[in-house]
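I opened this entry to look up how two chains meet. My notes follow the structure.

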Number of protein chains: 2
Amino acid sequence: MGWKIVQLTWLTGLLSGGVATIRDVAKAAGVSTATVSAVVNESTFVSPALRARVTAAIASLDYAPLSAARNLKKGRSQLIALVVSDLANPFFARVVWSAEAAVAAWGYSQVIFNSDEKPDNERRILARIRALSCDGVLLVPVDTRVRADQRDPDGHMSPMVHFGRIADDGRADSVTIDNVSAAKQVTNYLLDLGHRSIATITGPSHLTTGRGRLKGLQEAMAARGLAPRPEHVRSGEFREDVAYSVAREIIESADRPTALYAASGVMALGVMRALADLGLRCPDDISIASTDTIPGIGALRPRLTRTEHPVTDMTNEALRLLIDRIARGSGATPRHVVFQPALILGDSCSPLP
Amino acid sequence: MGWKIVQLTWLTGLLSGGVATIRDVAKAAGVSTATVSAVVNESTFVSPALRARVTAAIASLDYAPLSAARNLKKGRSQLIALVVSDLANPFFARVVWSAEAAVAAWGYSQVIFNSDEKPDNERRILARIRALSCDGVLLVPVDTRVRADQRDPDGHMSPMVHFGRIADDGRADSVTIDNVSAAKQVTNYLLDLGHRSIATITGPSHLTTGRGRLKGLQEAMAARGLAPRPEHVRSGEFREDVAYSVAREIIESADRPTALYAASGVMALGVMRALADLGLRCPDDISIASTDTIPGIGALRPRLTRTEHPVTDMTNEALRLLIDRIARGSGATPRHVVFQPALILGDSCSPLP
DNA sequence: GAAATATGCCGAAACGATTAGATCGCGTTT
DNA sequence: AAACGCGATCTAATCGTTTCGGCATATTTC
């Protein structure tokens with residue numbers, strides 16, 4: 001029972017400055033650091049008696065293992081990086097929200113980065129992520145080029161899943177939405193309503209999201225022997241203000257379309273605002289539909305007809321892939337999971353006589 | 001010039017498995033690890049010749065210092081935790097966005113947590129933050145009780161700034177909005193329009209935000225010898241669905257108020273949706289005003305009259321306080337910065353005849 | 001009852017960086 | 001010319017944890 005004596009000494013250890021270390025705990029409990037570690041990590045069997053002493057010591061010292069030290073030894077950081085292309089976009093805010101829960105559920109913590117659609121930022125961020133030695137990366141890619149700098153010396157890539165967009169020639173795992181299908185669903189709905197003059201405000205053509213949604217619209221129209229008028233096809237950043245001004249142009253132009261397809265939620269908002277400012281009514285003057293949604297869209301009248309992304313499912317799946325990739329290494333061939341959007345009918349589109 | 005020989009050996013070091021370490025670089029450049037460290041950190045003067053060799057070695061080995069090791073030695077993690085109370089709320093999504101930029105500007109990275117307004121979650125998160133040994137915490141507090149577990153052995157608190165709400169008896173630095181003033185500005189505006197029957201849907205009374213906004217409304221009315229009817233004062237979580245159902249109740253009740261003050265942006269959305277569903281028009285049937293906004297509110301018609309928070313300024317200031325606290329330790333007395341909200345006039349309120 | 005095998009715990013060497021203190025040249029001063 | 005100072009670099013200890021190998025002690029096996 002010699003440990004009762006040393007038990008008195010931990011107080012000095014505690015008072016002598018910083019936070020309690022595993023050595024303080026070991027001393028207080030009268031055991032070795034190996035035993036404390038075993039108790040903390042439940043790695044090997046420890047007798048109930050010692051376990052109790054250690055647990056008590058941990059509690060009284062308010063000890064918590066320092067992750068920096070643990071990470072150094074284990075070579076992991078318990079960190080997963082989420083790099084989104086536009087944090088101001090409610091869609092990605094939603095992703096952050098979903099991802100936080102999923103990441104926490106897997107025992108990791110989530111570091112957030114915003115590339116703001118700028119390749120330079122993306123590069124900086126990826127370097128930073130590497131410096132932090134995050135265990136995995138969830139990336140909404142901005143730069144479509146091959147990202148050689150993210151490859152490790154063996155030529156493999158560090159654990160990374162692309163989200164929402166495909167880049168790097170599909171060499172990374174990815175979770176995306178079927179953009180073509182989304183646009184097709186919306187376009188077919190509009191065509192079924194009798195619309196023939198359909199305009200679209202879509203995203204940048206260098207992104208699979210922008211390209212795919214435009215392609216879907218074109219294919220759906222082509223299937224009925226139609227095509228959008230060139231001046232009715234406009235692409236630009238996925239931003240509310242961009243959509244606002246483009247919508248004004250389109251609507252004020254000589255041949256106003258009868259329907260307008262906005263390729264994202266924030267764009268739809270911009271379009272609606274343009275309409276309101278122009279004193280036009282939807283769907284009486286023009287039908288509006290979109291892909292992707294934004295929170296609070298429920299308060300908007302008319303109710304927007306749109307396709308919605310299963311964001312939570314997509315995020316969970318992305319994280320599953322990432323965890324898997326972390327566990328299994330970079331050997332396996334990349335997997336690409338594509339989700340299907342669902343058409344939500346509102347009353348922002350009216351049939352054409 | 002003996003280092004040319006060893007230069008050939010770094011390849012073996014590289015091929016022999018993992019990522020390059022500072023020792024590999026040192027060997028490749030024919031210098032000591034101390035010199036490499038000096039070059040990397042620009043801590044002491046290194047001659048141009050050596051610096052060049054080291055830089056070249058770093059580049060060819062694609063070396064990046066392992067933060068886990070660096071953090072262990074330096075006792076810092078380069079991480080700042082942001083704990084928000086509801087990631088689903090666009091207001092906090094906005095905070096995350098602003099904070100990301102500010103945090104990055106200070107050279108830190110941002111770890112996100114969502115307490116979801118649950119004290120238990122908050123406790124878990126704070127423990128996690130401690131384990132990660134984040135250098136600082138930006139916290140939207142949920143639990144108003146004293147957080148003893150966040151105090152270090154000296155009885156001081158770890159660097160932490162409260163955001164949006166005050167808790168822990170104001171022992172931590174804080175950045176908040178003047179909630180009373182916000183509610184007063186809105187209420188006075190409504191009163192000036194002639195409204196006398198003003199209802200409010202406000203936040204939980206245990207939060208300074210909920211309490212303050214109610215207090216502002218009451219004080220503004222009291223200043224004119226008025227008071228809201230008890231059944232017109234409803235408090236609940238800051239959520240869209242809560243506001244929706246409460247709004248329906250209030251509006252469908254016998255004595256419908258002529259104006260309704262929603263204490264937050266999402267609540268205002270819920271109210272607007274309730275109005276739309278009930279087939280009522282704003283401001284003809286009832287005037288609506290709120291505090292705090294949500295992105296995309298610009299598309300909403302009528303334009304909402306509201307007070308807005310200078311979110312970016314608030315976030316920047318919070319981070320400034322936090323950095324300061326990190327640098328200066330926990331000795332200094334806590335500072336509390338209060339921002340003033342601005343009244344934005346829309347057309348969701350009409351004068352009463 | 002001795003040998004072989006488990007069991008429970010400890011000692012000490014890593015992990016990869018930083019940094020105080022030691023060392024080594026080399027130009028200045030006296 | 002000897003002593004000195006100083007700047008540039010290196011050596012080695014250190015941060016707090018995990019973990020491998022070893023060592024008693026307890027249990028089984030013949």
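I looked up salt bridges first, taking a side-chain nitrogen of Lys or Arg within 4 Å of a carboxyl oxygen of Asp or Glu. Between chain A and chain B I count 6 salt bridges. In one of them, the side chain of R130(A) meets that of D62(B) at 3.1 Å, N to O.

A note on the source: this is a predicted model, where local features need pLDDT of at least 70, side-chain atom pairs count only at pLDDT 80 or more, and totals for chains, interfaces and linings use all residues. Residues are numbered from 1 along each chain as its sequence is written, chains are lettered from A in the order in which they are written, and side-chain values use heavy atoms, without hydrogens and water.

Next I looked up contacts (heavy atoms within 4.5 Å). I find 49 residues of chain A in contact with 49 residues of chain B. The buried area is about 3900 Å², and carbon and sulfur atoms give 60% of it. That is accessible area (1.4 Å probe) lost on putting the two parts together, summed over both. E100(A), R130(A) and A299(A) supply 13% of what chain A buries against chain B, more than any other three residues.

Then I turned to the strands, which are DSSP E runs of at least two residues, numbered from the N terminus. β2(A) pairs with β2(B), residues 109-114, in the antiparallel sense over 3 bridges. Pairing requires at least two DSSP bridges between the strands. I112(A) has Q110(B) in β2(B) as its bridge partner.

Conventions: Helix = DSSP H or I, 4+ residues; strand = E, 2+ residues; numbered from the N terminus.
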